[in-house]
Amino acid sequence: MASDASRSRDEAKHVTETVAAIVAAHRAGTMTPAQTVARSYQRIREHNHPAIFISLRDEKDALAEAVRLADPTLPLYGVPVAVKDNIDVAGLPTTAACPAFSYLPARDSTAVAKLRAAGAVIIGKTNLDQFATGLVGVRSPYGIPRNPVRGDLVPGGSSSGSAVAVSAGLVPLSLGTDTAGSGRVPAMLNNIVGLKPSLGLISTTGVVPACRTLDCVSIFSLTVDDALAALAVMSGPDDADPYSRDRPLAPLASFPAKLKLGIPQTGQLKFFGDHEAEKAYGEACKRWQALGADLVAFDLAPFYETARLLYEGPWVAERYLVIRDLLASSPEAVHPVTREITVGGSRPTAADTFSALYRLEALRRVAERSLAPLDAIVLPTAPTVYSTADVLANPIELNSRLGTYTNFVNLLDMCGLALPAAMRPDGAPFGITLLAPAGRDAELAGIGRLFHADTGLTLGANSLPQPPLTAIPTQAGSDDITIAVVGAHLSGMALNHELTTLDARLLEEAVTAPDYKLYALDTTPPKPGMLRIEAGAGHAIKLELWAMSPAAFGKFVAAIPPPLSIGTIRLADGRQAKGFIVEPAAINGAKDISAYGGWRAFMAERAKA
């Protein structure tokens, strides 16, 4: 009986570790956001390792913010998040792991602001390789975060604290950055998921640059679905970021029936004598085949050549630009290894830069041809693992080896998803990374989530069981148009027949981003009007997504009477859909019913009256 009781307690503990489980518990009322936030602070105290966080938010302030959360439909409702300390969080200093560089930002970075708007609660700022220069996690005056999976190994960098915080169970979600692999190598070394989005998909406004043309905000989580949920919230164009791109995130895709994965040609892989890593990669490839993937050999040589450009070419000058004033005034304030790497950025000439750009463009064309027939390529996340002692003794060479399969990715404008693949006999984690051309983030997630589930690996460092995979919502056909309805066209409502007679199909219930107000219009039958306002200043409104053929969509839209029309609706998870909006002039005198959160709730209350 005692063992059964212990097992029940363990199962209860595991229930609310992932983002999805935490949000579900908050919505069900079995836990509150404040309880979950308090749990994170308690775990940080119990873990008692000061090198993970550079600064923590005052617990009372975080709890107060959690208590104020009033909308359970928010996609990250009450989820505690840690943020790498080169990303601005209002009220906390941004140090980039260099005290002399520290400043207090006046506002959140765009990525953090979007997380807050989605219901996330920021806990603190995490340690990193100084100025995000490194893949090892040992180049910080704030200490070295201990790897919770195997304590003698480096935690991985530069996003060391963020990865450790998720692996150790201190938070379920964290932000890193990724220029050369900093969102992927720490994921492997901590047995967690690392999502490196397409460049420009998440704004870098409010992020201390490493290489500004190549930087992106990355995501650490326990599961692929959690990472994709965070990506959906943060993605979207930002006029304040000149490198932002308007590239809508596709819905989560199912595992392809005929998946083609690229693997390097025989003899091209490097493991630096690590036979356990080599064996683990071979077993991962066999797992892909068992899942139905066709493995296709491709030439990795051009990718290796591209990788060398990152640190051997003029891109180091971008790192130099960020801290050249500090190097001139207080060189001793910069970590010795970071200083040695960065000062090299002062040497390349303009001619060197253009020569490298020309070569990169040629390599991009070669890479495009290699990738064209493939859904993705699959590589080891890193070729081996190293102990902290080994890296401190040989800091530059061993760091460079860890970037063997990561350094080329942003130069070639690719997206990536780092996944746990195995636990080696020596207790070290091994991971693989899926890579594809930019824009395929959701496609990689659809592929990767099934692989991760199939490994049966526990999550992070705490032996947490993986939750069952949730079903992917019904998707619109490739030729269908998705339309969002918010009022009388909802299923069971007065005008729903206008959809069903056109053979429209209900896909799912959803909610808008908190950017809208809903008004009760004076029409027969009663209808609402939804008006878009300033981002984050409105309410999240419940709606339904329906799929229609283009011909049916045209007939439907042609029959819509004023003051309603069809515009582009932004959903809470970052997707966009065509849907009903109202002309601003029509809301004069109309009742604001936004607080009801949707038309159904308003009509139910009206029926009671």
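View 1. At 23% relative accessibility, R401 counts as partly exposed, a class lying between buried (under 20% relative accessible area) and exposed (over 50%), with a 1.4 Å probe and protein chains only. This is a predicted model, in which local features need pLDDT of at least 70 and side-chain atom pairs count only at pLDDT 80 or more, while totals for chains, interfaces and linings use all residues. Residues are numbered from 1 along each chain as its sequence is written, and side-chain values use heavy atoms, without hydrogens and water. The side chain of R401 meets that of E397 in a salt bridge (3.1 Å, N to O), defined as a side-chain nitrogen of Lys or Arg within 4 Å of a carboxyl oxygen of Asp or Glu. Both residues lie in helix α15 (residues 395–402), four residues apart; helices (H or I, at least four residues) and strands (E, at least two) are DSSP runs, numbered from the N terminus.

View 2. E361 and R364 form a salt bridge (3.3 Å, N to O). Because they are three residues apart in helix α13, about one helical turn separates them. E361 is partly exposed at 37% relative accessibility, as is R364 at 27%.

View 3. The side chains of E508 and R575 meet in a salt bridge (3.0 Å, N to O). E508 lies in strand β13 and R575 in the loop between β17 and β18 (576–582), so the pair ties together parts that are 67 residues apart in sequence. E508 is buried at 16% relative accessibility, and R575 is buried at 15%.
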